[in-house]
Amino acid sequence: VGQKTHPKAFRLGITQKHLSTWYARKKDYSLLLQKDFFIRNSIDNQLEKFLTVSTIRIERAGSEKSPHLSTLVIIKALHPRVKDISKNVVSTLLLGPKKKEIVALLQKKTHSIRKEKPEKTKLLLSYFFKTKVRELARSLSKTLGEQIELRFEFCRNIFEDALLIAKFIGIQIKRRAPFRRVIKQALKKAELINVKGIKIELSGRLNGIEIARSEWKREGRIPLHTLSANIDYAEHFVNTVYGIIGIKVWLF
């Protein structure tokens, strides 16, 4: 029987880093762990409507004697687009005088937005995004009693990150697209950005068949036994009408 290990945990300290970087005494460890869990859940819930989040790294700094900790949260996500920020999301925020202008902009169709001055569009959307992020940071700082700073790292292409690929596949599966076509489409698009190898595995009641099974497809090479190989790995699941579909992605 093959013994499996997590590709990222296997490479910690070599090509991978911990997602949380801080030190705590034994009595404080469980509390900080709960805070990390709360921060990640809050960010996922608050930003999921207009931002596809990949990884969230948390770094804490401060002396043991000081009661105040400084927490830096680095969020890696797909760069937001105009169509991802819906009118409903904007209308729930108190954006002040610019709220009407942003809502009016997002009501227009894509072709009419292109006719607008691109600088004006970018300014309005950046104002909306910054306001949302400030509100989130303020609420987290107030709840946890720490000074929290949010920093973003954006990637332009979905197929540069394993978790973004898994979420992209999950959206297609939820729309009842044939899973084999979805996998082939993802593999072809990943090849265009010159990745060395990619493997995708789906598990569950694929295409609604009563007996659950697993199917996978690979392009290129995935050297799991080579510690120096920088392999990005992600797990994701999606709820469908016929049950939960699990998605695994290896990216080299």
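Helix axes are lines fitted to C-alpha atoms over the stretch in contact, and the angle between two of them runs from 0 to 180 degrees between N-to-C directions. The model is a predicted one. In it, helix α6 (residues 162-174) packs against helix α7 (residues 179-192) at an angle of about 150°, and the two axes are 10 Å apart. Angles over 145 degrees count as roughly antiparallel, and α6 is therefore roughly antiparallel to α7. Their crossing is right-handed. On the α6 side the contact is made by F168, I169, Q172 and I173, and on the α7 side by F179, V182, Q185, A186 and K189.

Helix α1 covers residues 26-47. At 1.5 Å a residue its 22 residues should span 32 Å, and the end C-alpha atoms are 33 Å apart, which agrees. Which residues of α1 are buried? They are L32, K35, D36, I39, S42, I43 and L47. Viewed down the axis of α1, these buried residues fall within an arc of 135°, so they line one face of the helix. An α-helix has 3.6 residues a turn, so residues three or four places apart point the same way. The face of α1 turned away from the buried side carries the exposed residues K26, Q34, F37 and N45.

Turning to the chain as a whole, the secondary structure of the protein chain comes to seven helices and eight strands. Of its 252 residues, 39% are buried. Among contacts with a separation of 6 or more, 61% are between residues 24 or more positions apart.

Conventions. Residues are numbered from 1 along each chain as its sequence is written. This is a predicted model: local features need pLDDT of at least 70, side-chain atom pairs count only at pLDDT 80 or more; totals for chains, interfaces and linings use all residues. Side-chain values use heavy atoms; hydrogens and water are left out. Helices (H or I, at least four residues) and strands (E, at least two) are DSSP runs, numbered from the N terminus. The expected span of a helix is 1.5 Å times one less than its number of residues. Buried means under 20% relative accessible area, exposed over 50%, partly exposed in between (1.4 Å probe, protein chains only). The arc is that of the directions from the helix axis to the C-beta atoms. Angles under 35 degrees count as roughly parallel, over 145 as roughly antiparallel, 65 to 115 as roughly perpendicular and the rest as oblique. A crossing is left-handed if the near helix is turned anticlockwise from the far one by less than a right angle, and right-handed if clockwise. Contact means heavy atoms within 4.5 Å.
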